[in-house]
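Thanks for coming, everyone. Let me put the structure up, and then we will walk through it.

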Amino acid sequence: MILRALSGRARFLYDKMFFMKEFTIYTDGSSRGNPGPGGWAAITLKGKEVKELGGREEHTTNNRMELKAAIEGLKAVPAGSKVHVIADSEYVVKGITLWIKGWIAKNWRTAAKKPVLNQDLWQELLKVAEGKSIEWKVVLGHSGVAQNERADVIATSFADNVLIELRVK
């Protein structure tokens, strides 16, 4: 079969052209008081399509909202997708790309043998990431990246319980 003959760059291009849907997701989380009321935001982009998502929790932390943003953003894209997740949270990006394998190997314990904080959300993030090809990237918050700035506005609006219009186009 021809697909088996394709490898490397040729296979990537074939998959991209015929199968994979490609998305970019910008995420942000916010909490007031840490812990306190919090909000999360995810902006999914596919070509010219934009979908903004957001939510609120009454008593949470900033890290939980950062994780929730990534989870909800990934839930919004189908399995088999190629996804670029762009977050201003080193906690999320380093956690999912560097630390999580060690946590799992140590039965969800840190190097200091303490329970991993937010284990429930890390496990949920692993689950929603299954079947997707994901590239994680950290951007500096409040550095002028338009979609990251918009995600911050959405997340803080939800944390402050302020009505905000979410765009879908």
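One term before we start: contact, or touching, means heavy atoms within 4.5 Å. This is a predicted model, where local features need pLDDT of at least 70, side-chain atom pairs count only at pLDDT 80 or more, and totals for chains, interfaces and linings use all residues. Residues are numbered from 1 along each chain as its sequence is written, and side-chain values use heavy atoms, with hydrogens and water left out.

Start with the overall layout. The protein chain has six helices and five strands. Here helices (H or I, at least four residues) and strands (E, at least two) are DSSP runs, numbered from the N terminus. Along the sequence, the order is α-α-β-β-β-α-β-α-α-β-α. The chain has 169 residues, and 43% of them are buried. Buried means under 20% relative accessible area, exposed over 50%, and partly exposed in between, with a 1.4 Å probe and protein chains only. Now take the contacts with a separation of 6 or more: 64% of them join residues 24 or more positions apart.

Next, the inside. A nonpolar core is a set of buried Ala, Val, Leu, Ile, Met, Phe, Trp, Tyr and Cys residues joined through side-chain atoms within 4.5 Å. The largest one holds 29 residues. Which residues have the most contacts inside it? They are L67, L74, W122, L125 and W136. The elements giving two or more residues to this core are β1 (22-31), β2 (36-46), α3 (62-75), β4 (82-87), α4 and α5. Look at W136. Leaving out residues up to four places away in sequence, W136 touches A70, L74, V85, V92, V93, I96, T97 and L125. There is also a second, separate core of 11 residues, with I43, V50, I154 and I164 among them.

Now a helix pair. Two packed helices are described by the angle between their axes and the distance between the axes. Helix α4 covers residues 90-105 and helix α5 covers residues 119-129; they pack at about 95 degrees, with axes 11 Å apart. That makes α4 roughly perpendicular to α5, a label for angles from 65 to 115 degrees. From α4, the contact uses Y91, V92, G95, I96, I100, W103 and I104; from α5, it uses W122, L125 and L126. By class, that is nine nonpolar residues, one polar and no charged.

The loop between α4 and α5 deserves a stop. W108 lies there. W108 is not a glycine, yet its phi is positive, at about 60 degrees. W108 counts as buried, because its relative accessibility is 10%. N118 is in the loop between α4 and α5 too. N118 has a positive phi of about 65 degrees and is not a glycine either. Buried or exposed? N118 is buried, at a relative accessible area of 14%.

On to α6, residues 146-159. This helix has 14 residues and reaches 20 Å from its first C-alpha to its last, close to the 20 Å expected at 1.5 Å a residue. Its buried residues include N148, R150, D152 and I154. The buried residues of α6 pack against β1, β2 and β3 (49-60). Just after α6, N161 takes a positive phi of about 60 degrees.

Last stop: the loop between β1 and β2, where P35 is found. The peptide bond from N34 to P35 is cis, with omega near 15 degrees.

Methods. Axes fitted to C-alpha atoms, helices over the stretch in contact; angles between N-to-C directions. Parallel < 35°, antiparallel > 145°, perpendicular 65-115°, else oblique. Nonpolar A, V, L, I, M, F, W, Y, C, P; charged D, E, K, R; others polar. Expected span 1.5 Å × (residues − 1).
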